[in-house]
Amino acid sequence: MLQRYDAVIVGAGGAGLMAALNLSAQARVAVISKLYPVRSHTGAAQGGIGAALGNLEEDHWEWHMFYTIKGGDYLADQDAVEILCREAIETVYELEHWGLPFSRTPDGKIALRPFGGHTREFGKAPVRRSCYAADRTGHMILQTLYQQCIKNEVHFYDEFHVLDLLIESGRTAGVVAISLATGELYTFHAKAVIFATGGCGRIYRVSSNALALTGDGMAVALRRGVPLEDMEFFQFHPTGIYKLGILLSEAARGEGGILRNRAGERFMERYAPTLLDLAPRDMVSRAIYREVEEGRGVGGKDYVHLDLTHLGREVLDQKLPDITDFVRTYMGIEPAKDLIPIQPTAHYAMGGIPTDNDGRVVMDEKNTPLAGFYAAGECACVSVHGANRLGTNSLVDILVFGRRGARHAAKFVRENDWALLPANPDERAQQLVAERKNAQGNERQGDVRDLLRNEMMAKASVFRDAGRLAQMRETLKEVRARYNGIKLEDRSVRYNTELLELIELGGMIDIAETLVEGALARQESRGAHSREDFPKRNDAQWLKHTLAYQTPQGIQLKYKPVTITKFEPKERKY
Amino acid sequence: MKVTLKIKRFNPEKDEKPWWAEYAVEAEPTDRLLDALNAVKWYQDGTLSYRRSCAHGICGSDAMLINGSNALACKALLKNLGDTITVEPMRGFRVVKDLMVDLEPFFDKYKQVKPYFITYSVTPEKERLQSPPERERFDDTTKCILCGACTTSCPSFWANPEYVGPAAIVNAHRFIFDSRDEGREERLEILNHRDGVWRCRTIFNCVEACPRGINVTRAIGEVKQALMYRKL
């Protein structure tokens, strides 16, 4: 099947829908998504979207900018962060104008709450900067954007899974996707392609991410010669429900929740004396790992407690109803009187497909764009989050850069014709499917996936060192070999979810390789990348972004400089 | 614990009619039914087909008929489901494979009620003001995740597939009672149609089925009331 559009957006979470809304009035656009749009993982974001509205107390986007840069351990590109924090404000108002039901202050304005790492006046105290709709802000953002897309008659291809990106003579020519319903391959011939395919948290065993977050867009781009940037920086959120990894929002600590070890001690006093439980996520996750390592986990096990008992039932039910429900449902305990067992959970990829400030995908250390290719949201790396993302900033990122990418793409499709479609455009996608269908062997998909996820958790998660990372490199070779021996059981053409899961797993192996190679090479500790054998940040050698390329000889790394504008790197203390 | 899953299977490519498959799964009592389904798919039988994504009750992918009642597989814990668990697709939509149904008619109904913010007045520079009580007025119906559990548990919908169904009405309610919205009359007009809100016979299955705890029947009742007062 051949379809032709001005632009094709892949992914229908916040970034994809925001791009669709900003592009659909000016160009013929299709959105293809492997899920129904309202199933996207933006809907799982809980606590809020950061914007310096100053509705309750003084706040400035410059403060937001500074703490985003500091939170990211100075690896973020500061020009991009400035855009993020300035445009956050108009973006929140735009959402409100589209009907988003924000919680309200007594005088009817958008309500704000404190969040991890967000402070005022250079670190004096936490500031209320997170605009929220109870603890389902992401759900409301996703719903609101989808509603507006319906209003604007955006053209969706639901349950279409992207398999390949088409590049012809240095220009983007479209994408190839498979329809879940029919098993047919569709070639979308397009002048511009925007990837908004989300994260890849499912490469780890314990993750807050949806099962669908397998990094498809990142893997597709990587295989076509596009590098992935800063993949070694992967955020572990401190408060996942023990064993399940389901997220309990930082809003719980924003509303006053406290972390306690087996002795009941508020241990964050020792790690971040000023911000305490609202220190940035990388620091809190490391603190929990340390407590556990030193025998202060609850019952000697690998978890600590989140204490919400002092907040009272009313605050829990009104401000944190969803996470209260999660705790009741999955733990069978009552957060108003019981302590909640939590452990860090794989949450967010700071890295991704490298882009400039207009969402254009760039191919090298000189920021050379690949004409017609854009990326936004978690699958992209602008970089606004640097080495560690602050809470609430992912929602800002998807909207601000989803929109900027779309605006640039609108201009691009106006000024350019379609690139020639390559001969046999779906050849590679056909081959990818055929390889999986024809593979012979005795391996079970579940076992191979477990091996990847368990070992990534053990060897490349919160704390790392050369020994374990080198072991992980070897493990990945084994994973790949065994992957090729997985025999597909489902031979049907229509609704073959097993085939798609297998293709997803292949992508996750590619992504894990970039993460491990980047982490092995980076001999320093910065943000979420914490090397026990190199415990200090090393700006002289490592204040630079990693670019990982997939080549026949394996992953090759290049580096590009960090853009510093207003804030010189300093030691990061809270 | 050991549980037996009795799953209604149907692959239109090869089956003439649905059949029951049984799988024994070793699991923890606190595991979700979704974990057990994944255990089957990943380690026993890769052909088992169902939708899932977030695995914690927020994306709405895995609504299905569990021991005879609609629920999300990721919010149903094994310890509450007994030793033998029957799992079937939601009723009222065409089964496309195993536990997956054709959702196109479901989303078509949703789109009928203009489920988006409508205003005709000038947009302010900053936010439109809304008091906490005004915001609270429609809070319950903002929780909807469009999983389909309510609509496919509704006998009125089974009897009349043209009925717009509880999920669509919930999403109309979310805007009808939003103090900022100006599309109230247009939506009420749509729901006043013979396949609109009056098909509801207050059977309350939808309330029981809703994994988000929305009082669906009350929301439908409030829309009915709004229509009656409008006529007076």
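Contact is taken here to mean heavy atoms within 4.5 Å. The structure is a predicted model, in which local features need pLDDT of at least 70 and side-chain atom pairs count only at pLDDT 80 or more, while totals for chains, interfaces and linings use all residues. Residues are numbered from 1 along each chain as its sequence is written, chains are lettered from A and ligands numbered from 1 in the order in which they are written, and side-chain values use heavy atoms, with hydrogens and water left out. Helices (H or I, at least four residues) and strands (E, at least two) are DSSP runs, numbered from the N terminus. A residue is called buried under 20% relative accessible area, exposed over 50%, and partly exposed in between (1.4 Å probe, protein chains only).

Helix H10(A) is largely enclosed by the rest of the structure, because eight of its eleven residues are buried. The buried residues are Pro321(A), Asp322(A), Ile323(A), Thr324(A), Phe326(A), Val327(A), Thr329(A) and Tyr330(A). In chain A, the buried residues of H10(A) pack against strand S11 (234–241), helix H6 (251–254), helix H9 (312–319) and strand S14 (340–349).

Over all chains, the structure holds 78 salt bridges. Another of them is formed by the side chains of Arg51(B) and Glu159(A), at 2.6 Å from N to O. This pair crosses between chains, from the loop between helix H1 (33–43) and strand S3 (63–66) of chain B, where Arg51(B) lies, to the loop between strand S6 (155–158) and strand S7 (160–168) of chain A, which holds Glu159(A). Arg51(B) counts as buried at 12% relative accessibility, and Glu159(A) is buried with a relative accessible area of 8%.

Within chain A, Arg482(A) forms a salt bridge with Glu478(A), and the closest N and O atoms are 3.4 Å apart. The two residues are separated by about one helical turn, because they are four residues apart in helix H14 (residues 466–483) of chain A. Arg482(A) is partly exposed, with a relative accessible area of 23%, and Glu478(A) is partly exposed at 37%. Salt bridges that share partners join Asp73(A), Glu232(A), Asp282(A), Arg286(A), Arg522(A), Glu524(A), Arg526(A), Arg537(A), Asp539(A) and Arg572(A) into one network. The C-alpha atoms of Glu478(A) and Val448(A), which are 30 residues apart along the chain, are separated by 9.2 Å.

Val448(A) is one of the residues in the contact between helices H13(A) and H15(A). Helix H13 (residues 445–459) and helix H15 (residues 497–521) of chain A pack at an angle of about 25°, with their axes 11 Å apart. Axes are lines fitted to C-alpha atoms, for helices over the stretch in contact, and angles run from 0 to 180 degrees between N-to-C directions. Angles under 35 degrees count as roughly parallel, over 145 as roughly antiparallel, 65 to 115 as roughly perpendicular and the rest as oblique. H13(A) and H15(A) are therefore roughly parallel to each other.

Helix H12 (residues 427–438) of chain A also packs with H15(A), at an angle of about 110° and with the axes 10 Å apart. H12(A) and H15(A) are therefore roughly perpendicular to each other. Leu432(A), Val433(A), Arg436(A) and Lys437(A) of H12(A) make the contact with Leu499(A), Leu502(A) and Ile503(A) of H15(A).

Most residues other than glycine have a negative phi, and most peptide bonds are trans. Glu153(A) has a positive phi near 50° and is exposed, with a relative accessible area of 71%. Thr202(B) has a positive phi of about 45° and counts as partly exposed at 43% relative accessibility. The peptide bond from Val382(A) to Ser383(A) is cis, with omega near 10°. Ser383(A) is placed in the loop between strand S18 (380–381) and helix H11 (393–415) of chain A.

Key:
A salt bridge is a side-chain nitrogen of Lys or Arg within 4 Å of a carboxyl oxygen of Asp or Glu.
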